[in-house]
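Subject: Structure handover and notes

Hello,

The structure you asked about is below. My notes follow it, and you can read them with the model open.

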Amino acid sequence: FFQKTLTAVKNWFTLFGWSKGQNPISIPYSLRRDVCKVQMTSSQETDFKQNLGKDTKTVYDMVFHLSGQLLPGITSRKSLPLDPVERILQLHWQHSTLLAFLKSRGAYLPHVMPEFLLEHDDYKKWIKVQTALKVDGKNSDILSDKHLFILEESIFETMSKRAWTDVLLQIYKVFVLTRVSSRNITDQFSLESVQKMPIIKSEPLSSNIYSPYERTILTWLNKHYEKNRKTVWKDCQKGGVPPMRWIVNFDRDLLDGLVLAAQLAAYCPYLIATHFARMYTNPRTHEQFLHNCLILVNAMHAISLAIDIKV
C-alpha cells in the first residue's frame, strides 16, 4: 500500500509539481540531495563545493510554484556554509522552516522531525553535533533524550522515505486540493433525478476520512454521472444504461471506469461514439473491468491527457 502511494505521489509531483514542465524526482533521494543550487557534497572524505547548475530544481522551487510564496529566510540561490557543522545546522534549520511553513498552512506533520529529511551521512553528523552540544551543556534546555532519535541506517532510510512521502502529500493537501471550489457545481445541475439522491455534506466535521474539498469532488462525480449516464450509454450494446449509483469513495466506486468516463463525456462528448459506447455498463468479470479501463485510458490519450495513469 505504501509503495503504491509513494509511486502515485512521485508521478504527480514529477508531472505537475514544477514550473516549466516535468521534473523527474525520486523519493527521498533527489529531494534530499537537491536542497540548494550550490551545495556541499555529503562525502566524508573531502569537503568541496558542487555546482548543481541553474536548472536544478529544489523542494523550495516546488513549494513556491504550488503556493506562490517563498519560505521565510530561504532563497533557492543560497549556498550552504563551507564549515561542516554550520552546514548541518543550516540544513536542519531549512527543513525546520519548511515544516513550520507547511504546518502554518494546515499541514498535519507532528511525526516528521527535520532530521528525517536529511541524507543519512548528514543525519549521522547531526546526531554527533547534537550529542556534543548536549555533553557540553549548551543545549540542555531545548534538547532531551526524547527529542533525539538515534536510528540505524536501514530504519532511518525507511523513516526518511515515509517522512518525505507524507510531506509531499501534505503539500498537495494544503496547496492543490484547497483550490477545489463548490461555486460551479451547485447551480449547474438542477435535474430532478439528481435532487432525489442523498446529499454529500461539505461541513468539515461530517466525515473523518475526506476533507470538504474531497467531498466537493465526490459531489461533482455524482452529478456528472447522474446527468450523463443515460446520454453516454443510451445506445450501448453491452448492457444498456447503467443504474443510478451513489459515489461515496475514490476507490471502489471508480473501479469499473464508468464514473470517470461520464466525467470525460461531460467535457468531450465526441468521445462517446468512438470510445465509451463500447464499455460494459454492468461489468462482472475481471476481463470486463479491464476492457472498460482500457477504453478509458485510450480516451485520455486521444485528448492528450497525459497523466501517466496505467490501466
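The notes start with the fold as a whole and then take up helix packing, single residues and backbone details.

This is a predicted model, in which local features need pLDDT of at least 70 and side-chain atom pairs count only at pLDDT 80 or more, while totals for chains, interfaces and linings use all residues. Residues are numbered from 1 along each chain as its sequence is written, and side-chain values use heavy atoms, with hydrogens and water left out.

**Overall**

The protein has 12 helices and 2 strands. Helices (H or I, at least four residues) and strands (E, at least two) are DSSP runs, numbered from the N terminus. Along the sequence the pattern reads α-α-β-β-α-α-α-α-α-α-α-α-α-α. Of the 311 residues, 42% count as buried; buried means under 20% relative accessible area, exposed over 50%, and partly exposed in between (1.4 Å probe, protein chains only). Among contacts (heavy atoms within 4.5 Å) with a separation of 6 or more, 63% are between residues 24 or more positions apart.

Two packed helices are described by the angle between their axes and the distance between the axes. Here the axes are lines fitted to C-alpha atoms, for helices over the stretch in contact, and angles run from 0 to 180 degrees between N-to-C directions. Angles under 35 degrees count as roughly parallel, over 145 as roughly antiparallel, 65 to 115 as roughly perpendicular and the rest as oblique.

The axes of helix 3 (residues 59-67) and helix 4 (residues 84-104) come within 12 Å and cross at roughly 20°, so the two helices are roughly parallel. On the helix 3 side, Val-59, Tyr-60, Val-63 and Ser-67 take part, and they meet Gln-94, His-95, Leu-98 and Phe-101 of helix 4. By class, this contact has 5 nonpolar, 3 polar and no charged residues. The classes are: Ala, Val, Leu, Ile, Met, Phe, Trp, Tyr, Cys and Pro nonpolar; Asp, Glu, Lys and Arg charged; the others, Gly among them, polar.

Helix 1 (2-16) also packs on helix 3. Their axes come within 11 Å and cross at roughly 75°, so helix 1 and helix 3 are roughly perpendicular. Trp-12, Phe-13 and Phe-16 of helix 1 meet Met-62, His-65 and Leu-66 of helix 3. That contact has 5 nonpolar, 1 polar and no charged residues.

Which residues of helix 3 are buried? They are Val-59, Tyr-60, Met-62, Val-63 and Leu-66. These cover an arc of only 155° around the axis, which puts them on the same side of helix 3; the arc is that of the directions from the helix axis to the C-beta atoms. Their cover includes helix 1, helix 2 (29-33), helix 4 and helix 6. Gly-68, with a positive phi near 75°, follows helix 3.

Phe-250 is partly exposed, at 29% relative accessibility. Its C-alpha lies 7.9 Å from that of Leu-218, 32 residues away in sequence. Leaving aside neighbours within four places in sequence, Phe-250 is in contact with Tyr-210, Glu-214, Ile-217, Leu-218 and Leu-221.

Arg-215 sits in helix 9 and is buried, at 4% relative accessibility.

**Helix 6**

Gln-170 belongs to helix 6 (153-175) and is buried at 14% relative accessible area. Not counting residues up to four places away in sequence, Gln-170 touches Gly-106, Ala-107, Tyr-108 and Leu-109.

**Backbone details**

Most residues other than glycine have a negative phi, and most peptide bonds are trans. The peptide bond from Ile-27 to Pro-28 is cis, with omega near 5°. Pro-28 lies in the loop between helix 1 and helix 2. Lys-20 is in the loop between helix 1 and helix 2, has a positive phi of about 60° and is exposed at 83%. Ser-304, in the segment after helix 12 (286-302), has a positive phi near 60° and is exposed at 63% relative accessible area.

Regards
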